[in-house]
Amino acid sequence: AVVMIMFIQAFRVAYEPLMFSRKSDYRQQSLNSYRDAMECFVISALLIFLVVMFYLDFLKYFIAPSYFEGLKVVPILLIAELCYGIFFNLSLWYKNIDKTYWAIVFTCIGFVVMVALNIVFVPQYGYIACAWAALACNAVMMLASYFVGQKINPIGYDTSRILSYVAIALTLYAISTAIKDASSWLWLNF
């Protein structure tokens with residue numbers, strides 16, 4: 001998941017100065033830039049997700065074998081970081097209108113979700129529950145920012161297109177997992 005985190009950080013370093021240079025020019029042209037940037041971000045992040053998941057059997061040799069058991073959390077954490085990256089992209093609506101207190105609101109909501117899920121599920125399910133809690137936290141912050149932003153300062157993202165990209169990526173991941181599972185089953189039976 002570190003690959004996705006590094007991508008998001010690099011994106012932030014390049015994206016924020018560019019978008020804040022357009023803060024005073026908050027017109028349709030800037031709104032189109034925000035939409036295009038979100039779409040490019042999602043496509044790039046989904047490509048990273050797919051590359052990491054398709055080649056995880058190779059990439060796992062860059063870590064110690066004692067950590068192989070924990071690789072089952074990688075897809076969950078990658079999707080969690082994707083949600084966080086989208087949340088970051090969505091944060092422009094409140095930064096552009098100087099209502100940054102919304103960052104605190106969304107972060108506190110995410111904090112409550114993460115702590116509650118960890119308290120309830122970690123004793124029974126262990127570290128896998130932490131990964132799901134991170135996904136839930138980031139997804140809730142992302143959705144809250146999106147829905148509040150569309151009411152207060154709408155940007156008009158093409159959510160149907162973005163969701164179709166996500167659906168395609170998850171379908172490709174599911175197919176690759178099914179093929180890998182089927183080939184493993186075939187090898188075990190011969």
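Trainee: Which residues does M4 touch, not counting residues up to four places away in sequence?

Mentor: A contact here means heavy atoms within 4.5 Å, and on that basis M4 touches A45, I48, F49, L78, E81 and L82. Before going further, note that this is a predicted model, in which local features need pLDDT of at least 70 and side-chain atom pairs count only at pLDDT 80 or more, while totals for chains, interfaces and linings use all residues. Residues are numbered from 1 along each chain as its sequence is written, and side-chain values use heavy atoms, with hydrogens and water left out.

Trainee: What are the mean pLDDT of the protein and the share of residues that reach 70 or more?

Mentor: The pLDDT is the predictor's confidence in each residue, from 0 to 100; its mean for the protein is 88, and 90% of the residues reach 70 or more. Where pLDDT is low, the predicted coordinates should not be read in detail.

Trainee: How many helices and strands does the protein have?

Mentor: Helices (H or I, at least four residues) and strands (E, at least two) are DSSP runs, numbered from the N terminus. The protein comes to 8 helices and 0 strands, and its C-alpha trace spans about 65 × 35 × 30 Å along the principal axes.

Trainee: Which residues touch the most other members of the largest nonpolar core?

Mentor: In soluble globular proteins, nonpolar side chains tend to be buried together. A nonpolar core is a set of buried Ala, Val, Leu, Ile, Met, Phe, Trp, Tyr and Cys residues joined through side-chain atoms within 4.5 Å, where buried means under 20% relative accessible area, exposed over 50%, and partly exposed in between (1.4 Å probe, protein chains only). The largest such core has 53 residues, of which M4, Y15, Y34, F41, V42 and I86 touch the most other members. The elements that give two or more residues to this core include α1 (2-20), α2 (28-54) and α8 (159-189), and the largest share, 13 residues, comes from α2.

Trainee: Is S145 buried or exposed?

Mentor: S145 counts as buried, because its relative accessibility is 0%. This residue of helix α7 touches F87, L90, S91, W93, Y94 and F106, not counting residues up to four places away in sequence.

Trainee: What is the phi of D98 near?

Mentor: Most residues other than glycine have a negative phi, and most peptide bonds are trans. The phi of D98 is near 55°, a positive value in a residue other than glycine. D98 is found in the loop between α5 and α6 and is exposed, with a relative accessible area of 58%.
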